Amino acid sequence: MDSRKECAGYLADCYKEIFFGPVNKRYRSMTGAEMRKRLARLTEKGLAEVEKANELNDIHAMFAKVCACLMKREGHLKPGPQLGEWEENCRNMHRFCALLAKKDLEYLPELSLEELERVLKMQGIRRYLLTNSLERAYQLFYIPKTIKKGIRESVKRRPEDEYPEARAMKRRFILHIGPTNSGKTHDALERLKQAEHGAYFGPLRLLALEVYDRLNSENVPCSMITGEETLEIPGAVCQACTVEMLNDHEYFDVAVVDECQMASDPYRGHNWTRAVLGLRAEEIHLCMAPEAEDIVIQMIRRCKDSFQVVRHKRNTRLTLEKKPYSLKRDLKKGDALIVFSKKSVLALAAHLENQGVRCSVIYGSLPPATRREQVRRFLERETEVVVSTDAIGMGLNLPIRRIVFVETRKFDGTSRRSLLPEEIRQIAGRAGRFGLYEEGFVTAIDDIETIEDGLSARPLPIMKAYVGFPEQLLSLPADIDTLVKIWAGMEAPAIYEKMEVDELLSLYMSFEHIHREHMEEFSKQEIYKLITCSVDIDNKLVMELWRDYCREYRGAEELEFPYHPGPDLYDMESYYKMLDLYFQFSRKVGLPVKEEELSLERRHTEEEISRILRTECASYTRKCSICSRELSWDYPFSICERCFEQGRSARPGGRRGRRG
């Protein structure tokens, strides 16, 4: 007897115990007409019409009701036609147990009898089968327990032990600890310049580009490797990379990892944790804010490596101006005005440009070359002030005399909240660049107390470092989303926390929607490679292109080059991200890249964005969406007060409506 038949026979016997046993004594009344209607569906023909596993849920529930009703009538019928009909129905339903068992097994992976026995012995599963298919019960009861066991067996209890090559080394760490503008990265790079084979790992492509430029200008051949771009230099002795590109199998004699406090970031922090635990280098320089010291030292000690701490002090004084700042009265050359959204940056810059104040603008979605152009204009005094988001807080060395917090609250993806002390210190620290100013100043338009408290607060130590999803788990017998959800729900070891997985799961759901009918054609490793692309999931144009590439890449000799969505600033920025995705996706799936066209389009897009910001920034004033009247840069609604009042009075009863 083959395994499938053996399992079907065993399951049929179990179904007789379940549906005609004590677990199903939910005695229900049912008319003769209802009984006949249900019996007509509980047949081999009825099962043949089932096309999906979830349709069997209704069959199970109906079968349970019929069996409960038949058991209720047992011993209560006198000899005659009704008793004969009842006996015939019971025989049919006993036979149906075998039919249902066979059908249920069609939707399960090939199981041995021993595995099926383990499934049916799990607590609560028999009662669950009264209203749900075996496939659903298998996914809910057996898979999570099996996967949890598999995860515990596959993943080392100590994340440090997942990097045996690094554990076999005696690594020496130098921890550069200090605030912004204290020379941490500068000193670490001075050591990197002496390396025979070294690497820099930072949080931003822009930072990697700056290190690439600096080392090459100082006659240290250096290549650049990021997920979106690769610049190879013949004979390079160093590489400047984004931290996601770290290869824990490559050996370096000296490595620098920048902004290590980002190990506490729930989405990207696992990359810094992997760098500390898995980087194969004899000498590793870690640059970080003071709040990261404790957690990083704990990781190093768990790795049994040695370390020394080098403390850096800020090179210039930082002074808080407690008098509230006025844009009309107090604006001076060298000020950096901080707001917390791209729309606010453009609206405030437009407001100032219309008053004759030339502005550089900086925000997260600007291409690296465009950011550098904005910095150059400020350095060369083509512009008088900088208007920026908190993107200014990392990796931009600007001749800023004063940081002005125009806003002290930001939207963090969930809600608007006050700035955290570490955010205030990171941004405020950009004031008073060493070599240009002896003192930097910080102030705010209002809520100066928040800024004062943030600057004076003692840094709270980071308590947890994030770890990423271990790719070796993809070998376990479950879909990626099941594996990720179960892994994320399990307790993290010791000083670690699991990374946020919502974006990963969102991309998996999109991929599954595209290939719903033939997911089995793709290995989990292949799917995982695609859903870990660096994609702005909130950008519709970029997501549409990613879906197109997922849909078409297998049958293509090369990916279709991105289309240009339009001349608007927002379109141009989306197009740049689409160009990045084209490069990244092509490399991941091993397809050729149109290098010359890509380079040309990137350069043209960067130049066009720079031109728009240089010549058309004033056009980004906020305007009423109804009458186009100009609004103040910080007006909180999309329609002006007059249009709002007119709309309200035009409604029956003059009822108040919504703005914005």
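Which residues touch the most other members of the largest nonpolar core?

Reply: This is a predicted model, in which local features need pLDDT of at least 70 and side-chain atom pairs count only at pLDDT 80 or more, while totals for chains, interfaces and linings use all residues. Residues are numbered from 1 along each chain as its sequence is written, and side-chain values use heavy atoms, with hydrogens and water left out.

The residues that touch the most other members are Tyr-15, Phe-19, Leu-286, Ile-531, Trp-546 and Phe-585, in a core of 155 residues. A nonpolar core is a set of buried Ala, Val, Leu, Ile, Met, Phe, Trp, Tyr and Cys residues joined through side-chain atoms within 4.5 Å. Buried means under 20% relative accessible area, exposed over 50%, and partly exposed in between (1.4 Å probe, protein chains only). Helix H4, residues 56–73, gives the most to this core, with 10 residues. Helices (H or I, at least four residues) and strands (E, at least two) are DSSP runs, numbered from the N terminus.

Take Trp-546 as an example. Leaving aside neighbours within four places in sequence, Trp-546 is in contact (heavy atoms within 4.5 Å) with Leu-507, Ser-510, Phe-511, Leu-530, Ile-531, Cys-533, Val-535, Leu-581 and Phe-585. A second, separate core has 28 residues, including Ala-347, Cys-359, Val-361 and Tyr-363.

Buried residues also show up clearly on one helix. In H18 (residues 448–456), Ile-448, Thr-450, Ile-451 and Gly-454 are the buried ones. They lie on the same side of H18 because they cover an arc of only 160 degrees around the axis; the arc is taken from the directions from the helix axis to the C-beta atoms. These buried residues pack against strands S9 (317–320), S13 (402–405) and S16 (439–444), and against helix H17 (421–428).

Strand S13 contains Phe-405, which counts as buried because its relative accessibility is 0%. Setting aside neighbours within four places in sequence, the contacts of Phe-405 include Ile-451, one of the buried residues of H18. Among its other contacts are Phe-340, Leu-419, Ile-424, Ile-427 and Val-442. The C-alpha atom of Phe-405 is 6.1 Å from that of Leu-337, although the two residues are 68 apart along the chain.

In the loop between S16 and H18 sits Asp-447. Asp-447 counts as partly exposed because its relative accessibility is 30%. Most residues other than glycine have a negative phi. Asp-447, which is not a glycine, has a positive phi of about 55 degrees.
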